[in-house]
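Try each task before reading its solution.

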Amino acid sequence: MSEPATSITVPKDRIPFGHKVAYGLGGFVNNMLATASSGMMIILNLGFGMNPALVGLLGALPRITDAFTDPIVGYISDTTSTKWGRRRPYIFWGAIASGVIFALLWQIPRGWSETAIFIWFLVGSILFYLAYTVYATPWVALGFELTPDYNERTRVMGYSNFFQQPVNLIAPWFLWFVSYEVLFDTQAEGARWLAIAVGVVVVAVGVIPAIVLREPMKAVAAAEVPSEARASLGEKMKAFFAGVVTTFKSRPFLLLCIATFLVFNGFILIAAFQSYVIIYYIFGGDEALGAEFVGYAGTTGAIAGFAIVVFSAWLGTRIGKRKSLMVCLAVSVVGYVSKWFAYDPANPWLLLLPAPLMAFGFASLFTLVPAMVADVVDVDELETHERREGTYGSIYWWFVKVGLAAALAAGGVLLNATGFDVDLGSAQSDHTLLMLRVYDVAVPAVTSLVAIWAVWKFPITEATAREVRDQLEARRGTAGAG
């Protein structure tokens, strides 16, 4: 499975800079919604006093529903035919709906019981994730079809991931912001205002891809849509499930899903643990100082992420996407393991050292894997005569979200298993502090190592992808015409 020397992208396959930026802004919104919806969950425990197990359920249950709506929205997007295209109407209205609902979600009335807050947040989260799916699934699918070129796809996804990085720069300061006593009396009040700010940004920026971008594969897909439009409900359901089954049978696609599942959800499983380790192990329960250093660590990793996205995209066009991803994941494993030695109460600034190394995993993952999925979509079209970017994109995220739901639920249980009790404050036991560190280091390191194996098995090289493209264009009668 050696990678050949890469070839030059011809002008007709290049995406204009402004269009890359517009697609990248969609990545900013996508990451803002994902990061804010998961990153603010800790406030339900620290700010509202909710049991960690219930917080885990609130993170998990809506995502289970969301995971099953993703393939449906993907199928609808693939078979939609409007004068604005298959994707753009959903992107436009999905951005508005998700931003508004997220802002309302955190306007939890004062004085409510834990049960009332749980019900409010559960119902609101289900609605939010439905709106988020309507936005994100067509946006992901649109990225797969912007260019047919193997290397230009990597560059497009590099722009997308580059614009996602500012969120990683901002998000680590969420806890500090809502805890800032000069602005807010309580963390709950801070969360209400933070959610409004996030909602406004999502609406304002999220509609830009729908307004600016066009859909290059619209004409190719249009030939498939009329028969779908005339089909009965039963026939549409049959076609939907047949498409899902076909997607699950793609071995290269499943390998990418496994790799992403392991890297992403291995981290999410213990996402909150770093905050707890910093606050209670390094700073002895000082939430204000601990939250400040959580922000420093996150900011350090996010700054590194900008350079890593550029590096991984560049490396992917030199040695191939597969090899580039394996290199970056290996560096992230080194970062995870080094946390064991860098988290030192006597020298708290050492905790910043692993952050840039850990960033190699996430920053490269969502640059290279989506570009690899786009290559899988071409192979699928060659075999099925259908353009199903929405189905592939939705099922890809289905794997992530099902795993995310399990990880969030298990994360709360795992936190309880360490013996952590928020009411104890700085009096956490030595066993609790030890287990927090063990899980924080071991879980993402092990899952990333297994992900490297999955990437190593991925079979589509640049030579394979270009051969598939040539066959598709010859069949469409567009060989040599772009």
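**Exercise 1.** Find the helix that holds Ile64, then decide whether Ile64 is buried, partly exposed or exposed.

Solution. Start with the helix: Ile64 sits in α3, residues 52-79. Helices here are DSSP runs (H or I, at least four residues), numbered from the N terminus. Next, take the accessibility: Ile64 has 39% relative accessibility and therefore counts as partly exposed. The classes are buried under 20% relative accessible area, exposed over 50% and partly exposed in between (1.4 Å probe, protein chains only).

A word on the source: this is a predicted model, where local features need pLDDT of at least 70, side-chain atom pairs count only at pLDDT 80 or more, and totals for chains, interfaces and linings use all residues. Residues are numbered from 1 along each chain as its sequence is written, and side-chain values use heavy atoms, with hydrogens and water left out.

**Exercise 2.** Work out why α14 is described as largely enclosed.

Solution. Count first: 9 of the 10 residues of α14 are buried, so the rest of the structure largely encloses this helix. Then check the residues: the buried ones include Phe273, Tyr276 and Ile279. Finally, step just past the helix, where Gly284 takes a positive phi of about 60 degrees.

**Exercise 3.** Locate Trp93 and classify it as buried or exposed.

Solution. Trp93 belongs to helix α4, residues 88-105. Its relative accessibility is 58%, so Trp93 counts as exposed.

Note on methods:
Helix = DSSP H or I, 4+ residues; strand = E, 2+ residues; numbered from the N terminus.
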